[in-house]
Amino acid sequence: MLRTDPALVDCVRETVIRWQAMHANNIPAWDEWLAILDAGPQRIIEVLEDDGEDATRLRQSSPFAGVLTNRRRWELLEEVSREARGS
């Protein structure tokens, strides 16, 4: 979705800012996410697709949660599963 709708970044940025405003204890990953969002779509995609420790840690507090509907999420999971099976 990010590749086809770069405006999604603004929505996600608003989510992080809302989280920061709602919680007295700022989670360091939120600041990291804001920096990643500021770096642009390519950097965001790199983090979302990265299997490394830092990216995995960041995804534990991902502001992208809730961007996809449950139905769309399941469709994507099924698609990836089919591709992995070679069907």
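**Close-up 1. W33 and F64 are both buried in this predicted model.** The ring centres of W33 and F64 lie 5.8 Å apart and the ring planes stand at 65°, and because planes over 60 degrees apart count as edge-to-face, this pair is given that description. W33 belongs to helix α2, whereas F64 sits in the loop between α4 (53–59) and α5 (70–85), so the pair ties together parts that are 31 residues apart in sequence.

**Close-up 2. W19 and W30 form one of the two aromatic pairs that the structure holds.** The centres of the W19 and W30 rings are 5.7 Å apart, and their planes meet at 40°, so this pair is described as tilted. W19 is part of helix α1 and W30 is part of helix α2, which means that the pair ties together parts that are 11 residues apart in sequence. W30 has a relative accessible area of 5%, and because anything under 20% counts as buried, W30 is classed as buried.

**Close-up 3. Helix α1 (residues 8–22) packs with helix α2 (residues 28–39).** The two helices pack at an angle of about 160°, and their axes are 10 Å apart. Because angles over 145 degrees count as roughly antiparallel, α1 is roughly antiparallel to α2. The crossing in which α1 passes α2 is left-handed.

**Close-up 4. Residues of α1 and α2 meet where the two helices are in contact.** From α1 come V9, V12, R13, V16, I17, W19 and Q20, and these meet W30, D31, W33, L34, L37 and D38 of α2. Sorted by class, the residues in this contact of α1 with α2 are nine nonpolar, one polar and three charged.

Technical notes: Residues are numbered from 1 along each chain as its sequence is written. This is a predicted model: local features need pLDDT of at least 70, side-chain atom pairs count only at pLDDT 80 or more; totals for chains, interfaces and linings use all residues. Side-chain values use heavy atoms; hydrogens and water are left out. Axes are lines fitted to C-alpha atoms, for helices over the stretch in contact, and angles run from 0 to 180 degrees between N-to-C directions. Helices (H or I, at least four residues) and strands (E, at least two) are DSSP runs, numbered from the N terminus. Angles under 35 degrees count as roughly parallel, over 145 as roughly antiparallel, 65 to 115 as roughly perpendicular and the rest as oblique. A crossing is left-handed if the near helix is turned anticlockwise from the far one by less than a right angle, and right-handed if clockwise. Contact means heavy atoms within 4.5 Å. Ala, Val, Leu, Ile, Met, Phe, Trp, Tyr, Cys and Pro count as nonpolar, Asp, Glu, Lys and Arg as charged, and the others, Gly among them, as polar. Rings of Phe, Tyr and Trp (its six-membered ring) pair if their centres lie within 6.5 Å; planes under 30 degrees apart count as stacked, over 60 as edge-to-face and the rest as tilted. Buried means under 20% relative accessible area, exposed over 50%, partly exposed in between (1.4 Å probe, protein chains only).
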